[in-house]
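Hi there,

Here is the structure I promised to pass on. My notes on what turned up in it follow just below.

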Amino acid sequence: MATETEIDVFEEHRPVLLGVAYRMLGRVADAEDVVQEAWLRWSGADRSDVREPRAYLVRVTTRLAIDRLRQVKARGETYVGPWLPEPYVTDFGETVPDTAEQAVLADSVSLAVLVVMESLSPLERAVFVLREAFGYPFADIAAMLDRGEPAVRQLAGRARKHVDERRPRYEVDPVRRRDLTERFLAAAGGGDLEGLMSLLAPDVRLVGDSGGKTKAPLRVLESADHVGRFLVGVAERGVPDLTWRFLELNGGPAVVALAGGKPDSVFQLDVLDGRIQSVYIIRNPDKLRSLMDL
C-alpha cells in the first residue's frame with residue numbers, strides 16, 4: 001500500500017510522465033492508461049532502493065509506452081484517411097519559465113513533429129523523446145532502455161535525421177500564429193476566398209483527420225487554390241450554433257470549434273514567413289473527448 005508521501009511523489013512527477021507517454025503514443029487516452037499502469041507499478045514496487053523517483057518513473061513509463069506502441073504495430077491497425085495526433089492541452093508558461101526550453105517542448109509536441117514520429121520504430125521514438133524533448137544524457141537513456149550507450153547514440157542519430165528530413169519548417173512564435181489564425185478564421189468563416197488566398201502559401205497543405213467517422217477530406221489537399229476553395233465551400237454550407245474558442249494545444253495556439261456547446265473540430269496552423277504552410281483539422285470525435293470539459 002502506497003503512503004501519502006509516495007502518492008505525493010508520484011503526483012509531483014505525473015505531468016512529466018504524461019508528457020513522455022503522450023509524445024510516445026500521440027493519444028491522450030493511451031498516455032493516461034500508461035501513466036495509470038506506471039502508478040500501479042510504483043505503488044506495488046519495493047521502493048527502498050529507488051534513489052531517484054523521477055528517473056525510475058520515467059523509465060517505467062517509457063517501457064510501458066514502448067510495449068503499447070509495439071502492440072499497435074503488431075495489430076497492423078488501419079486508419080481511414082489522414083492520421084493526426086489527438087489534441088493535447090499544453091501550457092508551459094507557469095511550469096517552464098525558460099523561453100528556450102518552452103520552445104523545445106512545444107516543438108517536440110507539435111502536430112507536425114508527432115506525425116513524422118509515427119514512422120519511427122518504438123525504440124527510436126523513445127530515444128528521440130527522452131533526448132530531444134527532455135534532455136536526458138545518453139548514459140541515462142541507455143540505462144532506462146537496457147541498451148548500450150553507443151547503440152542509443154546510433155538510435156538518436158537515426159531518429160533525429162529522419163525527423164529533420166521530413167518535418168515541415170514553421171515558426172513557433174505564438175503571437176504571429178495567433179494573429180494569422182484570427183485572420184484565417186475571419187476569412188474562412190466569411191467565405192472570403194480572396195482574403196484566404198492572401199494568407200495561404202502557394203504550396204499550403206490541408207490535413208483533415210476524421211477517422212472515417214465524420215466529414216473531412218480523405219486525402220491531403222495541396223495548393224492554395226484547392227485549400228481555399230474547400231474552406232469557402234465548408235463556410236457556405238455552414239454549421240448551426242457554431243462558436244469558437246482559442247486554446248493552447250500541442251505547444252501553440254489552436255481553435256476549438258463548438259457546435260451546440262460540444263467540440264466539433266480543432267483547427268491549428270503552421271506558419272512561416274507570414275503565410276500559412278499547413279492547416280490541420282481534427283474532427284474524429286474519439287479524439288475530441290478529452291476537450292469535452294474545457
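Two strands count as paired if DSSP finds at least two bridges between them, and the strands themselves are DSSP runs (E, at least two residues) numbered from the N terminus. This is a predicted model, where local features need pLDDT of at least 70 and side-chain atom pairs count only at pLDDT 80 or more, while totals for chains, interfaces and linings use all residues. Residues are numbered from 1 along each chain as its sequence is written, and side-chain values use heavy atoms, with hydrogens and water left out.

Let's begin with strand 5 (residues 262-272), where ten of the eleven residues are buried (under 20% relative accessible area, 1.4 Å probe, protein chains only). Strand 4 (residues 252-259) pairs with strand 5 in the antiparallel sense over five bridges, and Val256 has Val266 of strand 5 as its bridge partner. Two residues lie between these strands in their hairpin, where Gly260 takes a positive phi near 65°.

Strand 5 also pairs with strand 6 (residues 275-282), antiparallel over seven bridges. Here Leu272 is bridged to Arg275 in strand 6. This hairpin has two residues between its strands, and Asp273 in the turn has a positive phi of about 55°.

Now the nonpolar cores, meaning sets of buried Ala, Val, Leu, Ile, Met, Phe, Trp, Tyr and Cys residues joined through side-chain atoms within 4.5 Å. The largest has 66 residues, of which Phe10, Met24, Met117 and Phe134 touch the most other members. A second, separate core of 23 residues includes Ala187, Val227, Phe267 and Leu269.

Happy browsing!

Note on methods:
Buried < 20%, exposed > 50% of the residue type's maximum accessible area, 1.4 Å probe, protein only. Helix = DSSP H or I, 4+ residues; strand = E, 2+ residues; numbered from the N terminus.
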